[in-house]
Amino acid sequence: MITNTAFIRLAQIDLQDRAFKISTEQSLSGLVTSIAEIGLIHPPFLIHRKASSYSIVSGFRRVQACRDLGWSEIPVRLLPADASPLSVLSLAVADNAQHRELNLLEQARTVEKLASFFPSDIELAAYSGCLGLSFNQELVSRLKRINQLSSPILDCIRRGCLSLTIALELGKLEVKAGEALARLFEEIRPTLNQQKEICSLLRDIACAEDRLISDLLETGEMHAILFNKDYSRQQKLKHVRSFLHKRRYPWMSRFEKAFEENRRALMLPHTIAFKAAPGFEAQEFSICLSFQTVTEFADQIQTLERLPDNPHFDAIINKRFADSDSLY
Amino acid sequence: MRIQTLYIDQTVADLPLCSAIAERLGLTPKRVESPETVYHLISAASDPVAAGKRTLLLTRNKGAFVRPCPGTSYYTCCNYMILHIGTFCVMDCAYCILQSYFHPPMLQYYVNQAEMMAALDTVFAERGIRRIGTGEFTDSLIWESIDPISEKLIHKFAAQEQTILEIKSKSVHINHLLGLAHNRKTIMAWSLNTESVVAGQERGTSSLDARLRAASRCQAHGYPLAFHFDPLIIYPGCENDYLAVLDRLFNTVDPSGIVWISLGSFRFMPDLKPIIESRFPVSKIIYGEFIKGMDGKMRYFKPLRMRLYKRLAAYIQRHAPAVTAYFCMEDDEAWEHAFGFTPAEKGGLPAMLDRAAIQHCGLRD
């Protein structure tokens, strides 16, 4: 597309027209300083829309920074007034995407703006390659759903606290629950897998108990964890996961607790790892020894030889825990 | 059967059975060049499982008619054989693994029955006791209204001495089977569950009472019986509910005529969960305490299922001590805990069931 370079008075630029705005970055401080020191290296793209008024195609922050610096006019690159809307939008996207990686919200905004030009997600995905993006059909579909999320969730995405996957999961929940979980994740910062686990546990508990997830997040137990000033972020995360696990799997939790109590009572050194099968499904138990010398090895063997006489060991192997009647 | 659309694979369209089935259904069949055409239609539906229950394809079984039950290595399997008469089911049980087993789930009925009978002849010609059932990939009795296949099979099995046929169902379409000369080579079996599970999780099935009455009528006509408590669903109060079902069972049929009773707790591949959530939003069965088993299937946490097993096994041993009770796909720990022995101590589970079949059905090796 052929552009002309020109100087335009800032008063003629319509800052309210955001039809082509892709960037979500709002801070201007670094940019203002840079332009003040070095000047405007890359003139923004503008298009003549109405009589003596110009719309920004790319460079919203640059225009605003120049205004903040008190400039009266700036150099711009003018697009032909009769340029097709898709070509203008494409330039806006490409200009952003060629300089940096678009964040999730910018990708979602791009898809939202391009969607009206393409009858299907697959065609939009194919076109995205021309703009320096590599969307596939599935990603286009997911990015479209991002645009339907509530503001608090979008804010969390903007701050980098939520992945696309989790954001969309939260979008499936009742609005109040999704927003509450977004805040929770921002506060206790679980890993992606932990976020998935927490979502899954909450959803299952809510379905099993016919309750709202938002109600579960408001329970006294959750409050006691989240508002405990003595807990660090990691401790809050640990207690939230433990609380939900116990609520979702009450029998298993009791069994695990009984196993752990007996295992601890064996007083094994940390160099002897004693484990049950995952979920206690298989009958096998395993012991893993860590040693560096023959003496250490001999000591550990002696410790192991004493285990059969230990009642806690017998309780574990035969799963005869204190409340075995209720467990088996 | 509430079939709305009937497709016929053109490679079998000339078989008389196809036109007979179309006439019984009152539907004009649509010919298709290959089953894939119908697979695509079902897959494209918003609820492929529901669509699969309304669409019937008459086709050819291109694979083996008689094949081993797909057991897994860690858990003890009974070495059952499946007679592959068709796939899927018109009833709609929340827990049904067939919803995610077939891709897509679709009603198929195999009309190349001459080949099926030939496959049975091959099995009958081999030495050894065998147990064969038609109720694994479908319900045995749902096809009777369009083709009395059980009737044909009962005649077929009655004429030999070393293989039993197990007809397993949740329906009661048995009137036409009662007077047959079955020679005790067919076991009539029903899946049983508690009233609340039948009412809440088994759409379109016969009531528990109806199943028990049907079993009683079959017993009166000399058929050996079997019952399958599978899947056992764990919920508050389930133990007493299952004991009540056992109580009703033993009050309705004579335990001496029961060949075996199987117990198996609800287990499923993880991809069944979203299907149940979507198709049975009121159902709570997937929110039990499940762990991933050694075969990759979700199973109830072992102490929970062992607790239920122990009570049911004790009740069966007390009220019907001669009946062979067994677990479908459990390990030695569960056997030892509930029954007090492992299958290996009795020669293995297949041998246990073979002995029960020999005793009740007069099999001869």
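In chain A, the C-alpha centres of domain 1 and domain 4 lie 69 Å apart. The model is a predicted one, and the domain assignment of chain A places domain 1 at residues 1–100, domain 2 at 101–148, domain 3 at 149–248 and domain 4 at 266–327.

Where the two chains meet, 14 residues of chain B are in contact with 14 residues of chain A. On the side of chain B that touches chain A, the elements that give two or more residues are strand S16 (290–292) and helix H11 (302–319) of chain B, and the largest share, five residues, comes from H11(B). Sorted by class, this side of chain B has seven nonpolar, six charged and one polar residue.

Most residues other than glycine have a negative phi, and most peptide bonds are trans. Against this background, a cis peptide bond joins B:His103 and B:Pro104, with omega at about -5 degrees, and B:Pro104 is found in the loop between helix H4 (98–101) and strand S8 (107–110) of chain B. The peptide bond from B:Asp230 to B:Pro231 is also cis, with omega near 10 degrees, and B:Pro231 is found in strand S13 (residues 225–232) of chain B.

A positive phi, near 55 degrees, is found at A:Met267, which is in the loop between helix H14 (250–265) and strand S6 (272–276) of chain A; this residue counts as exposed because it has 9 C-beta neighbours inside 10 Å. In chain B, the phi of B:Phe88 is positive, near 70 degrees, and B:Phe88 is in the loop between strand S6 (86–87) and strand S7 (92–93) of chain B, where it counts as buried because it has 26 C-beta neighbours inside 10 Å.

Key. Residues numbered from 1 in each chain as written. Chains lettered and ligands numbered in written order. Predicted model: local features only at pLDDT ≥ 70, side-chain atom pairs only at ≥ 80, totals over all residues. Domains from an automatic or database assignment. Contact = placed C-beta atoms within 7 Å. Helix = DSSP H or I, 4+ residues; strand = E, 2+ residues; numbered from the N terminus. Nonpolar A, V, L, I, M, F, W, Y, C, P; charged D, E, K, R; others polar. Buried ≥ 20, exposed ≤ 12 C-beta atoms within 10 Å, placed from the backbone.
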